[in-house]
2 protein chains.
Amino acid sequence: MSILVLGTVALDTVQTPYGFREKMLGGSAAHFSMAARLFTQVHLVAIIGKDFPARYVAFLEDRGIVLDSLIRSPGKTFHWEGAYAGDMNSAKTRKTELGVLLEFCPQVAGHQRKIKNVFLANVDPDLQARVLECMRKPRLVGLDSMNYWIHNKPKSLLRLFKKVDIFVANEQEARDLSAERNLLKAAKWLRKKGPAMVLIKKGEHGVLFYCDRFVFSIPAYPIDRVIDPTGAGDTFAGGFMGYLSTQKKLDGMAIKRALAFGTIAASFNVEAFGMERTSRLCLDDVRQRLDVFRRIVLF
Amino acid sequence: MSILVLGTVALDTVQTPYGFREKMLGGSAAHFSMAARLFTQVHLVAIIGKDFPARYVAFLEDRGIVLDSLIRSPGKTFHWEGAYAGDMNSAKTRKTELGVLLEFCPQVAGHQRKIKNVFLANVDPDLQARVLECMRKPRLVGLDSMNYWIHNKPKSLLRLFKKVDIFVANEQEARDLSAERNLLKAAKWLRKKGPAMVLIKKGEHGVLFYCDRFVFSIPAYPIDRVIDPTGAGDTFAGGFMGYLSTQKKLDGMAIKRALAFGTIAASFNVEAFGMERTSRLCLDDVRQRLDVFRRIVLF
């Protein structure tokens, strides 16, 4: 079963201790797609500007990403510029040029409205709601957001909570939303707001998954050369949702495997700038590292 | 095979969002013992003052801890006072009264010198070296330290590194010692300094274990009521070393199980003040929670 992702396609300028890249392909929906495509067909809902290089469009198409709902606007593509230092756990944003994102009014092509798996990556919650309304009876809906929306549109976000199955947050977002410092408490608080499943991403410390029937906690795959963590969270979500899209039964075992696939996809993401590594991945690469990971965490 | 632990026995005054305790039994060696005793006989090497309540001595003896090398001095027992708030990951120290620690010159009773497993909990590295010199051919030696010694006696500490099998550090200590932000790199750096095994404790995020042949990463057991984290690291070490002391072969599987036992012991520790929970633990309690933990992390 294929998956539809709403999010950003961006030009990222990134500085890390390992180097510098200018206006490389980035954005939540692009990173998500690069991982999810390993499991299923990905339909991308996003907006790009006139300055968006044709080679990036070809790059996405070559990897099987369906671009029927990618809006091409005369404005400028969303551009993010940031730098990482120290433990590489968070970026320092140097510049954010929203460009065409300011006029983004997502469209879902008719034939895509029956897609059963949906991921609403971080954009304005009102746009996320709009896309969700277009969809006919999705069976699995994931939602991501960020601090900005938590503080500026909490009501829209909480309304959306009632309509999604999985809410994905990072540690700080989960704590800010719930006003709970303990992550398990934060997850329980979020679960009460609607989503049956809550996934808290802890960066280099892995993920915590919560639902009424079980809790899972999985460490990150240990990497000693973190070149560029940009998009690791979206790559994780892509691997996680991509794998779940292929599973008929969403039981504990399927969810654990999905968490592991997400973890491994993210580990490849951080090993190179942007999508330099994930765009060349095949499922066998992921499975091989998954075998190593099993030995690292199993007891 | 029994285990000998060198460290502190303290009176702890602790404030957390869940309450307050004045001069309860604490200290690295005491917390370590409370977990290690579940697996093997524990011999404690430490010092207490005249003010140390007789009921605490009985409390340790009742739990089978051998106190033949516990020095009773006329001075005041080591007293630590601290408070936790927020995410409870680190304490704010309000007071440290070293008392008898200042005159501590550890003694190991003759019959204890042939004990095969040794844990040198955090005290002055010169005292750690002194105790280690007393021991006859130990087969497994663990070492813990803290930032204070890393900064004030780095040479003594690095000398000790050559003589121990396992170095246990928390995240910050590992980073400070190695000047590496990435924990896997930090572990590799520490390993090169001597200890064949390096264990990095990440608090609520679990532990990372490194040796030449494998890396293990295990999350913490998720706890939503962290009452008092004091001593969690020492309790972890006690469960870890205690279990390893019972194992003839220190292979990957034994180490993974030891990490899991340490994790579970620490999870009980944080659920109550001081040793209020761990002192009442039996191995069955630990095994039961270990079964739940297996389901949480296994995939």
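Strands are DSSP runs of E, at least two residues long, numbered from the N terminus. The model discussed here is predicted.

Q: In which strand of chain B does B:K23 lie?
A: B:K23 has a positive phi of about 45 degrees, although this residue is not a glycine. The strand of chain B that holds B:K23 spans residues 19-26 and is β3.

Q: Is A:K23 buried, exposed or partly exposed?
A: A residue is buried with 20 or more other C-beta atoms within 10 Å of its own, and exposed with 12 or fewer. A:K23 has 18 C-beta neighbours inside 10 Å, so this residue counts as partly exposed.

Q: How are the directions of α3(A) and α5(A) related?
A: Helix α3 (residues 125-134) of chain A and helix α5 (residues 154-161) of chain A pack with their axes 9 Å apart, at an angle of about 30 degrees. Angles under 35 degrees count as roughly parallel. Therefore α3(A) and α5(A) are roughly parallel.

Q: How many residues of the contact of α3(A) with α5(A) are nonpolar?
A: From α3(A), A:P125, A:D126, A:Q128 and A:A129 meet A:S156, A:L157, A:R159 and A:L160 of α5(A). Of the residues in this contact, 2 are charged, 2 are polar and the nonpolar ones number 4.

Notes: Residues are numbered from 1 along each chain as its sequence is written. Chains are lettered from A and ligands numbered from 1 in the order in which they are written. This is a predicted model: local features need pLDDT of at least 70, side-chain atom pairs count only at pLDDT 80 or more; totals for chains, interfaces and linings use all residues. Axes are lines fitted to C-alpha atoms, for helices over the stretch in contact, and angles run from 0 to 180 degrees between N-to-C directions. Helices (H or I, at least four residues) and strands (E, at least two) are DSSP runs, numbered from the N terminus. Angles under 35 degrees count as roughly parallel, over 145 as roughly antiparallel, 65 to 115 as roughly perpendicular and the rest as oblique. Two residues are in contact if their C-beta atoms, placed from the backbone, lie within 7 Å. Ala, Val, Leu, Ile, Met, Phe, Trp, Tyr, Cys and Pro count as nonpolar, Asp, Glu, Lys and Arg as charged, and the others, Gly among them, as polar.
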